[in-house]
Amino acid sequence: MMDGFDVAKLCRFSNNFKLELKNPPDFVYHYTSKEAAKNIIKGNTLRFTDRYFLNDYSEGKYIYELCKEHLKEFLPDSNLRTSFEKKLDERIAHGQTNPFFVYQCSMTTDQDSLCMWNYYTNQDSIQGYNLKFSSAKIAEAIHPTTEIEDGKLPIYSGMVVYDLKEQLAVLNTFFQKFMKFVAKYDPSDRHSPMIAGMMIDKLSDQGVFFKKNCFSIENEFRVAISTYVEDDKFFAIKEERKTVKKHGLDIPYVDIRFDKDALIGITLSPTLKLADERSEILKIVKDNGYLNVTADSVCASEIPVRF
């Protein structure tokens with residue numbers, strides 16, 4: 001309790017805050033190289049990448065730019081808006097700090113997309129797999145560990161929103177939720193810096209599912225792991241933060257265990273032959289206990305390209 005303001009209530013509000021998420025179809029697909037797909041299956045882990053090191057360099061920043069441009073539409077003139085603007089500028093200038101990283105894993109709703117094959121297997125002559133997951137199971141199937149015993153990190157999953165009008169509608173709902181909290185628990189507007197800080201953190205989570213319209217061809221679905229708040233302390237993911245070299249950059253990531261029953265099929269890329277690959281794939285999934293992947297759910301791309 002601080003000057004009559006219940007910090008624990010703010011923490012609980014933040015932990016239970018419901019993002020505006022768009023549901024996907026029944027199945028989503030993770031495109032990757034042959035080697036990476038086999039590592040996923042054998043290691044029983046999916047790779048989650050630090051959002052600030054993805055190929056789209058506006059990741060994690062686009063939603064902040066959108067807020068700056070439209071903030072007066074969402075928040076009335078108040079201490080809260082002033083505090084929010086200040087916190088927003090700080091986050092834009094400095095980004096997310098250690099150890100409060102947001103990690104995300106990208107998938108798509110397109111089962112057999114030449115664009116996706118080219119993008120994710122372009123160094124392997126379009127030789128790769130896409131892994132078919134149940135969208136209803138995938139978020140619950142992810143099991144990161146936390147720095148505190150029995151802590152549960154927020155895991156979000158949903159479709160990426162590309163349309164500007166839809167993004168602004170989501171943001172309007174986002175700010176209305178916080179305004180209702182403020183009206184109830186801080187009507188005097190005395191604790192706006194603390195509340196604004198929480199708003200920025202949740203805005204960061206919502207921003208995982210915003211991208212510029214130029215990326216809409218990807219039809220992307222994402223799973224994201226964020227931080228956990230307890231009595232004004234933050235707890236982050238415990239898995240080892242590793243790096244992989246890509247295009248001269250060290251890309252940070254964590255490998256996260258997932259439930260095997262969430263994987264239900266595998267599609268081969270256009271230049272691979274089903275007859276050459278199926279028996280090896282089926283042996284790998286059988287040896288590693290993936291009961292939902294069967295001969296019928298391993299199929300070849302229908303895209304007719306030679307190379």
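Tutor: Thr-267 lies in strand S11. Keep in mind that this is a predicted model.

Student: Why is Thr-267 called buried?

Tutor: Its relative accessible area is 4%. Buried means under 20%. So Thr-267 is buried, since 4% falls under that cut-off.

Student: Which residues does Thr-267 touch, leaving out those up to four places away in sequence?

Tutor: Among them are Gln-111, Trp-117, Gly-128, Tyr-129 and Asn-130. Cys-299, Ala-300 and Ser-301 also touch Thr-267.

Student: What makes strand S11 largely enclosed by the rest of the structure?

Tutor: Count its residues, 263-268. Six of the six are buried, so S11 is largely enclosed.

Student: How do you know that S4 and S11 pair?

Tutor: Pairing needs at least two bridges. Five bridges join strand S4, residues 128-134, to S11. Five meets that requirement, so the two strands pair. They run antiparallel. Lys-132 stands opposite Gly-265 in S11.

Student: What makes S11 and S12 a pair?

Tutor: Three bridges join S11 to strand S12, residues 298-300. At least two are needed, so these strands pair as well. They run parallel. Here Ile-266 stands opposite Val-298 in S12.

Student: Turn to strand S6. How do you know that Ile-225 is buried?

Tutor: Ile-225 is found in S6, residues 220-225. Its relative accessible area is 1%. The cut-off is under 20%, so Ile-225 counts as buried.

Student: Which residues does Ile-225 touch, again leaving out those up to four places away?

Tutor: The list includes Phe-48, Phe-101, Val-102, Tyr-103, Ile-142 and Pro-144. Leu-153, Pro-154, Ile-155, Ile-237 and Ile-256 belong to it too. Take Phe-48, which is 177 residues apart from Ile-225 along the chain. Their C-alpha atoms are separated by 8.3 Å.

Student: Why is S6 called mostly covered?

Tutor: Six of its six residues are buried. Glu-220, Arg-222 and Ala-224 point one way from the strand. Phe-221, Val-223 and Ile-225 point the other way. All are buried.

Student: What joins S6 to S3 and S5?

Tutor: Six bridges join strand S3, residues 103-108, to S6. Five bridges join strand S5, residues 155-159, to S6. Two strands pair with at least two bridges, so S6 pairs with S3 and with S5. S3 and S6 run antiparallel, and S5 and S6 also run antiparallel. In S6, Arg-222 is the bridge partner of Ser-106. Ser-157 stands opposite Val-223.

Conventions. Residues are numbered from 1 along each chain as its sequence is written. This is a predicted model: local features need pLDDT of at least 70, side-chain atom pairs count only at pLDDT 80 or more; totals for chains, interfaces and linings use all residues. Side-chain values use heavy atoms; hydrogens and water are left out. Buried means under 20% relative accessible area, exposed over 50%, partly exposed in between (1.4 Å probe, protein chains only). Helices (H or I, at least four residues) and strands (E, at least two) are DSSP runs, numbered from the N terminus. Contact means heavy atoms within 4.5 Å.
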